[in-house]
Amino acid sequence: MSDQENKQESHTPGETTRNDLFVLELCFLIFLLVVVTIAIFEATTYKIVSSRTPFVIMIPLWILLVVQVVRSARTSGDQTLWHRAMRAFRGRNTNFRKINSLAGWIVALGVTIQIFGHYIGIASFMFIIMWLVAKQKLMTSILVTLVTTGVIYLLFEHGFGIDLYRGMFFRYLAGYRVF
């Protein structure tokens, strides 16, 4: 490792450098590019009338994302970009680790909603994030979770007349064989 690289690596553990933020931006852009690409392929399965709107929105978005990724990669000109990206993926970038942690929690929320429905998913997600992650008091976490879930229930079920998804587990209990 050269003196230049050692000097760049010697920043304090909590310090965010421009290259670290650049790696986060590039990873986020690539993630969005993958999601939009999947959505474009999914839109091809729609009838032509239904697929026009997604194509009108997603094709320009996909082009803009590709242009931004190429532009960002060119302007970096930093030989340590690959090194910084590998550090981030190994968990040595605090911001990247926080973002990955939040993404994991959101994936867990999606799985919980799929299995147990919106109300249990939202309530469990809020409680776990508030109590375990944010380290709020137990009573505060329970109270906020119950009030927020109750408000969501009243708004959707009674105010808007929209039945939120109940989940596969409750559909199974109701006699549907979804497994």
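Gly-167 is buried, with a relative accessible area of 0%; buried means under 20% relative accessible area, exposed over 50%, and partly exposed in between, with a 1.4 Å probe and protein chains only. The model is predicted, so local features need pLDDT of at least 70 and side-chain atom pairs count only at pLDDT 80 or more, while totals for chains, interfaces and linings use all residues. Residues are numbered from 1 along each chain as its sequence is written, and side-chain values use heavy atoms, with hydrogens and water left out.

Gly-167 sits in the loop between helix H7 (138-160) and helix H8 (168-173). Helices (H or I, at least four residues) and strands (E, at least two) are DSSP runs, numbered from the N terminus. Leaving aside residues up to four places away in sequence, Gly-167 touches Ile-113, Gln-114, Ile-115, Phe-116 and Gly-117, where contact means heavy atoms within 4.5 Å. Between Gly-167 and Gln-114 there are 5.4 Å in space, C-alpha to C-alpha, and a separation of 53 residues in sequence.

The chain as a whole has eight helices and zero strands, in the order α-α-α-α-α-α-α-α along the sequence. Of its 179 residues, 25% are buried. Among contacts in the chain with a separation of 6 or more, 59% join residues 24 or more positions apart. The chain exposes about 12,800 Å², of which carbon and sulfur atoms supply 68%; accessible areas come from the Shrake-Rupley method with a 1.4 Å probe, and for residues only the protein chains shown count as cover.

Lys-135 is not a glycine, yet has a positive phi of about 60 degrees. Lys-135 is exposed, with a relative accessible area of 65%.

The largest pocket holds about 260 Å³ of space. On a 1 Å grid over the protein atoms alone, a pocket is an open set of points where a 1.4 Å probe fits, with protein on both sides within 12 Å along at least five of seven lines; lining residues have an atom within 4 Å of a point. Grid points are joined across faces, edges and corners, and the volume is the space filled by probe spheres set on the points. Its lining consists of Leu-24, Cys-27, Phe-28, Phe-31, Phe-89, Phe-96, Ile-99, Asn-100 and Ala-103. Helix H2 (18-43) and helix H5 (94-116) each supply at least two residues of this lining. By class, the lining has eight nonpolar residues, one polar and no charged; Ala, Val, Leu, Ile, Met, Phe, Trp, Tyr, Cys and Pro count as nonpolar, Asp, Glu, Lys and Arg as charged, and the others, Gly among them, as polar.
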